Amino acid sequence: MTATDPVPAADPVTTEARLRDIQSITDTALSRLDDRELLSELLVRIRGALQADTAAVLLLDSSSGQLVATAAAGLEEEVRQGVRIPVGRGFAGRIAAGCQPVILDRVDHTTVLNPILWSKGIQSMMGVPMVAEGTVIGVLHVGSLTRRLFTSDDVELLQLAADRAAAAVRSVAAQADRVAATALQRSLVPSALPAVAGTEMAARYVPGSGAVGGDWYDVFTLPSGQLCVTVGDVAGSGLAAAVIMGRMRSSLRSYALETTDPAEVLGRLDRKMQHFEPGALATVLYAVIAPGLDRMHVASAGHFPPVIARPGRSAELAGVRRGLMIGVAPDVQRPVSTVPVPPGALLCFYTDGLVERPGELIDDGLARLCRAVTAQFPGTACAAVMGALVGSEPARDDIALLMIRRQVLGEDDAHA
């Protein structure tokens with residue numbers, strides 16, 4: 001046998017033993033590690049079980065359509081150099097595109113895209129797709145510095161490891177996304193409401209028990225003295241929705257400085273989102289309250305109308321005409337409604353997590369909200385609404401709630 005001859009395949013007994021070993025490792029020993037440690041340790045064990053010199057994981061970045069080197073054993077330079085492989089090209093790209101194992105008995109520029117692989121002296125490679133919930137999320141591959149024939153048993157062994165790795169990666173990604181989305185969302189919800197003469201304000205924000213979404217509210221003043229209020233909900237959940245929410249909030253603030261017309265602000269926001277965030281959908285309500293606080297001009301992009309409670313009267317949904325939500329159609333002009341705000345009136349802005357319940361008509365939730373809102377101090381009103389509509393049950397969806405009350409002339413803000 002010469003140095004260039006393929007190394008004989010392992011016998012079935014050895015392969016079966018390695019399969020049992022990998023199963024034992026992934027089901028028992030590695031179960032005590034967190035998911036990040038599991039992935040690193042699993043690569044080391046895979047390399048040993050398959051008698052390979054290198055093992056690496058490349059994860060799919062769906063936004064760019066590229067595989068990104070994420071973890072490695074014996075091939076750390078792939079990760080350190082930030083290797084990226086387009087799906088469909090090269091060794092790993094073919095595996096991801098076809099969702100099928102690939103074995104290479106020759107490693108050079110004609111078979112692999114990453115020059116690190118052939119410059120390292122790898123002679124043979126085997127790779128399999130990493131699949132989670134029916135979707136390819138990456139590629140796991142191993143390599144040998146000597147020529148060898150990888151067998152179907154080797155492929156089965158590597159695929160089993162890839163399935164375990166995919167579960168670990170999905171768990172890590174979900175946890176990281178939730179932490180990042182929660183941090184982003186909390187950073188963008190006002191930590192303190194602005195002090196505006198003649199008003200009192202209070203707010204509540206409660207994250208849902210499921211995936212974090214894209215709910216937000218914002219309150220700010222313009223140089224003209226007008227008070228602006230926005231509340232919205234980006235379709236979807238997780239980090240992607242939270243990132244879009246952050247971009248929308250920032251953009252809306254910028255457009256608010258350019259025009260006081262709430263419909264124009266929403267129109268510009270919609271054009272921006274459809275161009276830069278195609279496919280994103282959101283409901284947004286934007287209100288501009290006059291410096292005298294006696295009236296509010298409102299435009300709605302598919303969002304629920306605010307509730308208004310006037311002194312001595314039952315609360316009701318404000319007469320706000322509803323326009324199309326953000327992201328549905330180009331060049332949509334949304335109507336502007338003017339709502340009188342008498343002294344002592346309380347305005348309630350909210351997202352759908354407060355009023356929607358599974359199996360219940362939305363009108364029932366809105367009616368329940370109207371019954372809970374009364375013309376009182378905003379902090380007390382927030383407590384009453386959350387008690388009536390949330391109670392002791394965990395929120396299934398994010399809830400944003402904002403109360404603004406116009407003070408009566410001569411009234412102090414001791415109860416704000």
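Buried means under 20% relative accessible area, exposed over 50% and partly exposed in between, with a 1.4 Å probe and protein chains only. The model is predicted, so local features need pLDDT of at least 70 and side-chain atom pairs count only at pLDDT 80 or more, while totals for chains, interfaces and linings use all residues. Residues are numbered from 1 along each chain as its sequence is written, and side-chain values use heavy atoms, with hydrogens and water left out.

**View 1. Helix α4 and its surroundings.** Helices (H or I, at least four residues) and strands (E, at least two) are DSSP runs, numbered from the N terminus. Helix α4 covers residues 90-98, and Gly90, Phe91, Ala92, Gly93, Ile95 and Ala96 in this helix are buried. The buried residues of α4 pack against β2 (66-73), β3 (84-86), β4 (102-104), β5 (124-132) and β6 (135-144). Just after α4, Cys99 has a positive phi of about 50°.

View 2. A cavity is a set of points, on a 1 Å grid over the protein atoms alone, where a 1.4 Å probe fits but cannot get out; lining residues have an atom within 4 Å of a point. Grid points are joined across faces, edges and corners, and a volume is the space filled by probe spheres set on the points. The count is two cavities of 30 Å³ or more. The largest cavity has a volume of about 60 Å³. Its lining includes Leu58, Glu78, Asn114 and His141. Helix α4 gives the most to this lining, with three residues.

**View 3. The five-stranded open sheet.** The strand order is β7-β17-β16-β12-β13, with antiparallel pairing; two strands pair if DSSP finds at least two bridges between them. At the edges are β7 (199-206) and β13 (316-317), each of which pairs on one side only. Helix α10 (residues 378-389) packs on the sheet and touches β7, β16 and β17, and its direction makes about 30° with that of β7. Axes are lines fitted to C-alpha atoms, for helices over the stretch in contact, and angles run from 0 to 180 degrees between N-to-C directions. Contact means heavy atoms within 4.5 Å.

**View 4. The β16-β17 pair.** Strands β16 (residues 346-350) and β17 (residues 399-406) are antiparallel and pair over five bridges. Ile404 in β17 is the bridge partner of Leu347.

**View 5. Two nonpolar cores.** A nonpolar core is a set of buried Ala, Val, Leu, Ile, Met, Phe, Trp, Tyr and Cys residues joined through side-chain atoms within 4.5 Å. In the largest core there are 29 residues, and those with the most contacts inside it are Ile46, Met130, Leu140 and Val142. Two or more residues of this core come from each of α2, β1, β2, β5, β6 and α6 (152-188). Helix α6 supplies the largest share, nine residues. Leaving aside neighbours within four places in sequence, Ile46 is in contact with Leu140, Val142, Leu158 and Ala161. A second, separate core has 26 residues, including Val219, Ile289, Ala318 and Leu402.

**View 6. Two loop residues with positive phi.** Gln51 is in the loop between α2 (35-49) and β1 (54-61), and its phi is near 55°. Gln51 counts as exposed because its relative accessibility is 57%. Leu293 is in the loop between β10 (282-289) and β11 (295-301), with a positive phi of about 65°. Leu293 counts as buried because its relative accessibility is 10%.

Notes. 1 Å grid on protein atoms, 1.4 Å probe; cavity = no way out; pocket = protein on both sides within 12 Å on 5 of 7 lines; lining within 4 Å.
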